[in-house]
Amino acid sequence: MSVIDKALAAITPPESDEARAEATRKARELATPGDWLSAALDHHDQIRSAFEEARSAADPAGRLAASKRLALVLNGHALAEELVLYPALAKEGDKGRAGIAYSEQTTAKMQMAELERIDPAKEAWLDKLEHIRGAILHHIWEEENSWFPRIKAEYEDQAFLDRRFREEFDRYDRAPQPRLSD
């Protein structure tokens with residue numbers, strides 16, 4: 001983590017684990033089985049689990065394999081959000097938050113690209129992973145705490161979001177992926 005990142009973390013500490021769990025719980029209450037929101041929340045659970053797997057990997061090969069699995073779910077999920085949910089957020093009059101969301105997603109992708117260039121045997125790899133994890137967990141909290149509830153409450157065509165979110169994630173999820181040993 002850079003000096004700037006450490007300074008920002010000290011000035012603006014992240015929300016607590018309890019606040020994150022509460023946001024997830026409330027968002028789950030708004031979701032219905034099979035809708036876009038339940039799918040997005042399931043992806044968030046997969047992302048959190050993938051981070052834990054990468055953090056607890058016993059060796060560099062395990063770290064690398066876990067980070068590749070993390071990247072798969074992160075990228076598919078991000079693309080579905082960027083193509084379906086963030087435009088819905090903007091359509092509901094929140095172009096500022098939609099812009100922040102796009103920016104945070106782009107930053108996460110750039111950080112994941114940097115992680116690929118770090119030797120997974122080094123402490124710097126874990127430091128970078130933790131930096132990415134903190135940023136993504138905050139992003140997830142923003143979505144679950146306010147952005148997604150707003151879309152769920154205000155967007156007129158929920159069936160469109162259900163269909164399009166699944167289409168975009170499935171398009172990525174079903175595409176041929178590189179072998180994890182590459």
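Author: Contact here means heavy atoms within 4.5 Å. One caveat: this is a predicted model, so local features need pLDDT of at least 70 and side-chain atom pairs count only at pLDDT 80 or more, while totals for chains, interfaces and linings use all residues. Residues are numbered from 1 along each chain as its sequence is written, and side-chain values use heavy atoms, with hydrogens and water left out.

Reader: OK, which residues does Arg133 touch, not counting residues up to four places away in sequence?

Author: Phe51, Glu52 and Arg55. Arg133 itself is in helix α6 (helices are DSSP runs of H or I, at least four residues, numbered from the N terminus).

Reader: Is Arg133 buried or exposed?

Author: Buried, because its relative accessible area is 16% and the cut-off is under 20%; exposed is over 50%, partly exposed in between (1.4 Å probe, protein chains only).

Reader: Switching topic: how many aromatic pairs are there?

Author: The structure holds 2. Rings of Phe, Tyr and Trp (its six-membered ring) pair if their centres lie within 6.5 Å; planes under 30 degrees apart are stacked, over 60 edge-to-face, the rest tilted.

Reader: So what's the geometry of Trp36 and Phe148?

Author: Their centres are 5.4 Å apart and the planes sit at 85°, so that pair is edge-to-face. Trp36 is in helix α3 and Phe148 in helix α6, 112 residues apart. Both Trp36 and Phe148 are buried.

Reader: And Tyr86 with Tyr102, what are the numbers?

Author: Edge-to-face, with 5.3 Å centre to centre and 80° between the planes. Tyr86 belongs to helix α4 and Tyr102 to helix α5. Tyr86 is buried at 1% relative accessible area, whereas Tyr102 is partly exposed at 32%.

Key:
Helices (H or I, at least four residues) and strands (E, at least two) are DSSP runs, numbered from the N terminus.
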